[in-house]
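Please look over the sequence and the structure before reading on.

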Amino acid sequence: MLEQIDAGLVSAFLEHLEDHRHNAAVTRNVRLAAIKSFFRFLEYRQPAALDQVRRVLAIPFKKTDTRLVPYLLREELQALLDAPDPATRDGIRDRAMLHVAVCAGLRVSELTGLTIDNIDMASMSIRVVGKGRRERALPLWKPAATALRAWLAIRGKVATPEVFVSVRGGPLSRWGFAYLLKQHTAAAARQQPGLAKKRVSPHVLRHTCAMIILQATQDIRKVSLWLGHATMTTTEVYTRGYPTEKLEAMEAVVPPHLRRGTFQPTDKLMALLKSTT
């Protein structure tokens, strides 16, 4: 019953995550955010439980380390894009998926949910439906457009409208794409050993796209527009991982000069120096 889900029960669940399941504080905060979202939904629909809702919403999040966003270097990204075998049907599909994912900075749900109707072959652009049903139109880079054309030429007629399909002809799931990405990352690590030390998830490709655009444009607003962020606050995380802006700030700042010191040698030191000469 709703009355049983009180602040005490929620707090006990969060402690169970950390003490018994050994989840990190980040996981705890994600679970708490989902619970709070549900209780904000109840806040206006169950007035009798308002006090119970407020107590749950008052449960604080735990502080966590703010880490830099992970992304791939250009050499690592190129090795990953070259990993699929272009001589096979699956390789052509995977190469197109990787190119489109990086080019458009797509979330994995946006990539797997991309349909044939979302592609404009004339301008070689795609229409993406993101979070909150926000749509954005993105042009494809030439390599991505070439890879996508190659896949559409051999995709064939299948019942599902999604662009990227599995070997059975059904839509490719997000877990299927993550599995393929893991396989190609392992293959690319033979050329770029640094990849073996990185955890390359589908969202890392989105971060990589953001860093490429930021380096090319030097404009965080264009990154936000490209990724489809609702606010600039979400996009500002990329500026912390981009060292060029820090270097520009250092060049613009005039550091204070040190006061020139005056050194007067003692008579004993001068006598010692004269005796040695």
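At roughly what angle do the axes of helix α4 and helix α5 cross? This is a predicted model, in which local features need pLDDT of at least 70 and side-chain atom pairs count only at pLDDT 80 or more, while totals for chains, interfaces and linings use all residues. Residues are numbered from 1 along each chain as its sequence is written, and side-chain values use heavy atoms, with hydrogens and water left out.

**Two helices**
- Helix α4 (residues 74–81) and helix α5 (residues 89–104) have axes that cross at roughly 145 degrees and come within 9 Å, where axes are lines fitted to C-alpha atoms over the stretch in contact and angles run from 0 to 180 degrees between N-to-C directions.
- Helices here are DSSP runs (H or I, at least four residues), as strands are (E, at least two), numbered from the N terminus.
- L77, L80 and L81 of α4 meet R95, L98, H99 and V102 of α5, where contact means heavy atoms within 4.5 Å.

**Around S125**
- S125, which lies in strand β2 (residues 125–129), counts as buried because its relative accessibility is 15%, and buried means under 20% relative accessible area, exposed over 50% and partly exposed in between (1.4 Å probe, protein chains only).
- Leaving aside residues up to four places away in sequence, S125 touches N118, I119, D120, L138, P139 and L140.

**Domains**
- The protein chain is divided into domain 1 (2–58) and domain 2 (74–237), with bounds that come from an automatic or database domain assignment.
- The C-alpha centres of domain 1 and domain 2 lie 35 Å apart.
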